[in-house]
Amino acid sequence: MAERFMNGPARASAPAPRKDGARRSRRYRHCLAAVAILTAAPSVAAETRHDYTLFADATATHRSRAAAGGGLKRDDFDPALTFVYAAESERFRFFTELHAASGDVGEIARLQAGWRLDSGATLWLGRFHNPQGYWNTQHHHGTYVQTAIGRPGIERFDDEGGILPSHFVGLLLDGRRAAGEGVVRYELGLGQSGVLEPSGIESPKLFGAPRGRRLTASARVSYSPRDGDPTALGAFLGRNRLSAEEVPDASEVRQTVGGIFGVWARENLRLTGAVFFIENDLDNGATRRTGRFANAYLQAEYQANPAWTAYGRLEDSRGDANDPYLALFPRFVARQTVAGMRWDFARHQALKFEYARPLLAEGGFDQFAIQWSMVFP
Amino acid sequence: MKRYARLAVAVCLAAICGPTAWAQPAPERRLVLVASADASIGNISPAEVRRLYLGLRVTAADGSPILPLVNRSDPFLQEVFLQKVMFLSAPAYERALLANLLRAGAVRPVEIDSRKTLLEALRAQRNAVTCLWAEDAEATPALKIVTELWRERR
């Protein structure tokens with residue numbers, strides 16, 4: 001959640017106040033609409049099964065200095081709530097994830113209606129997290145589920161200052177097939193991506209007039225040796241087009257994202273890593289500027305006993321200095337060192353203590369964070 | 001005197017017969033998956049049981065979904081189920097369920113604390129399944145054993 005502090009102010013400071021108010025109002029109307037839909041969903045079929053859960057967290061952060069043009073404060077406090085609801089009947093499925101945080105962050109992160117094609121595959125329509133990468137489509141907004149407080153810089157959500165369009169509105173084919181003792185999972189997404197503004201990527205909205213109307217397409221496949229085993233190896237490939245009419249010297253961004261990820265878990269040790277290869281084309285109609293860079297992270301976790309887990313993470317980038325697209329994201333964390341402890345002090349509640357040294361384009365700083373997180377029920 | 005003689009005979013008999021009786025093995029513990037007798041659930045593999053209890057869809061012979069019920073009325077049974085069938089610790093199992101809910105919208109299995117309620121739910125829902133000790137399953141009318149999940153090794 002620390003990354004939210006690092007990037008949040010950029011999103012809040014960019015638009016005019018009147019626009020902010022209108023957006024806030026629209027967000028809450030959309031949340032209310034989602035609640036109305038999900039409460040109606042169980043009546044679709046008599047034998048509907050449903051489930052819900054509530055994630056809550058609160059994070060306090062201290063930085064050694066304010067960074068990125070004063071947009072990042074030295075001390076910050078950020079509470080957040082995420083409500084998840086799922087329902088399924090014989091064929092019909094429904095899922096939503098509503099997320100609210102301080103700093104005017106309230107959104108329908110995901111709202112999906114699906115039709116089960118067979119016992120392993122579902123075709124969904126709605127708003128999704130883009131399956132380009134690992135972290136966002138594994139932990140989503142469930143802070144309690146992830147061991148660390150913050151997520152890697154490359155995996156930050158677009159509406160929290162991330163550089164990849166992490167939401168889209170459209171279709172998603174989500175499935176799994178048995179492969180011996182193991183299982184192959186796949187996700188194929190196609191839809192409308194966000195819009196690039198001077199302050200960052202604006203996620204596509206489910207309701208209201210669409211902006212930009214550019215396509216995003218994604219494919220992700222992974223293999224796990226056994227159901228329930230977190231060990232997995234996978235690859236992803238995506239192509240994004242972002243309208244950038246309000247960005248100086250650009251009218252459109254064309255982005256190709258590819259990479260691999262892996263999780264290795266044995267007894268008390270878990271390693272999670274991903275490698276991204278990204279190519280960005282900024283086109284203003286007359287000229288085209290291209291940049292390519294690679295980013296990787298590796299997180300190691302050691303569970304000393306059922307209550308205490310130590311973790312550390314390294315993030316690094318290559319070729320990022322000359323990418324014209326990255327120049328639009330001064331708070332992109334290209335390199336970072338993270339060390340922390342997680343204390344599961346009660347059932348469904350955890351305290352995390354984390355030190356991080358993120359390196360931004362303008363330099364690095366030290367960051368200390370403490371987070372309480374829980375899930376109910 | 002006669003009383004002492006009777007007591008001595010009783011002690012001797014106990015000494016002769018006792019060890020034989022003590023040496024008899026206790027009934028072998030078996031964990032089984034059960035459903036109501038009229039359920040259309042055929043053979044189900046260990047991988048399918050794991051999938052089912054991770055909130056993922058597994059269908060019966062007639063194509064209808066199988067409904068997993070978690071038996072929390074017996075902590076030892078639950079421990080054996082997690083360790084020997086799911087190959088997960090209790091916290092890891094909870095995390096896996098949350099991950100599947102978050103990732104795939106997978107509805108978590110219903111947990112039932114009372115054995116009476118569990119059996120009522122089994123009888124009420126045709127394709128519901130749960131885990132029981134084999135001797136309990138065999139002693140309960142209107143249930144059938146779908147598959148053996150684990151057998152205690154001696």
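**Notebook: chains A and B**

**Entry 1. The interface**

I began with the boundary of chain B and chain A, where I found 10 residue pairs in polar contact, both residues being at pLDDT 80 or more. A polar contact is a pair of N or O atoms within 3.5 Å; within protein, one must be able to donate a hydrogen and the other to accept it, and residues adjacent in sequence count only if both atoms are side-chain atoms. I noted that this is a predicted model, in which local features need pLDDT of at least 70, side-chain atom pairs count only at pLDDT 80 or more, and totals for chains, interfaces and linings use all residues. Residues are numbered from 1 along each chain as its sequence is written, chains are lettered from A and ligands numbered from 1 in the order in which they are written, and side-chain values use heavy atoms, with hydrogens and water left out.

I next asked which elements of chain B supply at least two residues each to the side that touches chain A. They are helix 2 (46-52), strand 2 (67-71) and helix 4 (90-104). Helices (H or I, at least four residues) and strands (E, at least two) are DSSP runs, numbered from the N terminus. Helix 4 of chain B gives the most, with nine residues. By class, I recorded 16 nonpolar, four polar and eight charged residues on this side of chain B. Here Ala, Val, Leu, Ile, Met, Phe, Trp, Tyr, Cys and Pro count as nonpolar, Asp, Glu, Lys and Arg as charged, and the others, Gly among them, as polar.

I then looked up the extent of the interface. In all, 28 residues of chain B are in contact with 41 residues of chain A, contact meaning heavy atoms within 4.5 Å. The size of an interface is often given as the accessible area lost when the parts come together. For chain B and chain A the buried area is about 2,900 Å², with 49% of it on carbon and sulfur atoms; this is the accessible area (1.4 Å probe) that two parts lose on being put together, summed over both. Within chain B, the residues that lose the most area to chain A are B:Arg57, B:Leu102 and B:Arg103, together 29% of what that side buries.

How many salt bridges are there between chain B and chain A? I counted five, a salt bridge being a side-chain nitrogen of Lys or Arg within 4 Å of a carboxyl oxygen of Asp or Glu. One salt bridge joins the side chains of B:Arg108 and A:Asp51, at 2.7 Å from N to O.

**Entry 2. Helix 5 of chain B**

I examined helix 5 (residues 115-124) of chain B, in which B:Leu118, B:Leu119, B:Ala121 and B:Leu122 are buried. Buried means under 20% relative accessible area, exposed over 50%, and partly exposed in between (1.4 Å probe, protein chains only). Why do I say that the buried residues line one face of the helix? Seen down the axis of helix 5, they fall within an arc of 160°, so they line one face; the arc is that of the directions from the helix axis to the C-beta atoms. On the other side of the helix, B:Lys116 and B:Ala124 are exposed. The cover over the buried residues includes strand 1 (30-36), strand 3 (110-112) and strand 5 (143-151) of chain B. At the start of the helix, a side-chain oxygen of B:Ser114 comes within 3.3 Å of the backbone nitrogen of B:Lys116.

I located B:Ser36 in strand 1 of chain B. Is B:Ser36 buried or exposed? It is buried, at 3% relative accessible area. Its side chain makes a polar contact of 2.7 Å with that of B:Asp38. Beyond four places in sequence, B:Ser36 touches residues including B:Leu122 and B:Ala142.

I followed B:Ala142 to the loop between helix 6 (134-139) and strand 5 of chain B. Phi of B:Ala142 is near 65°, a positive value in a residue other than glycine. B:Ala142 is partly exposed, at 45% relative accessible area.

**Entry 3. Chain A**

I turned to chain A, which has two helices and 19 strands. Of its 377 residues, 57% are buried.

I placed A:Gln132 in the loop between strand 5 (121-129) and strand 6 (167-179) of chain A. A:Gln132 is buried, with a relative accessible area of 6%. Its side chain makes a polar contact of 2.9 Å with the side chain of A:Ser218. A:Gln132 and A:Ala219 are 87 residues apart in sequence, yet 7.5 Å apart in space, C-alpha to C-alpha.

Lastly, I noted a cis peptide bond between A:Phe376 and A:Pro377, with omega about -5°.
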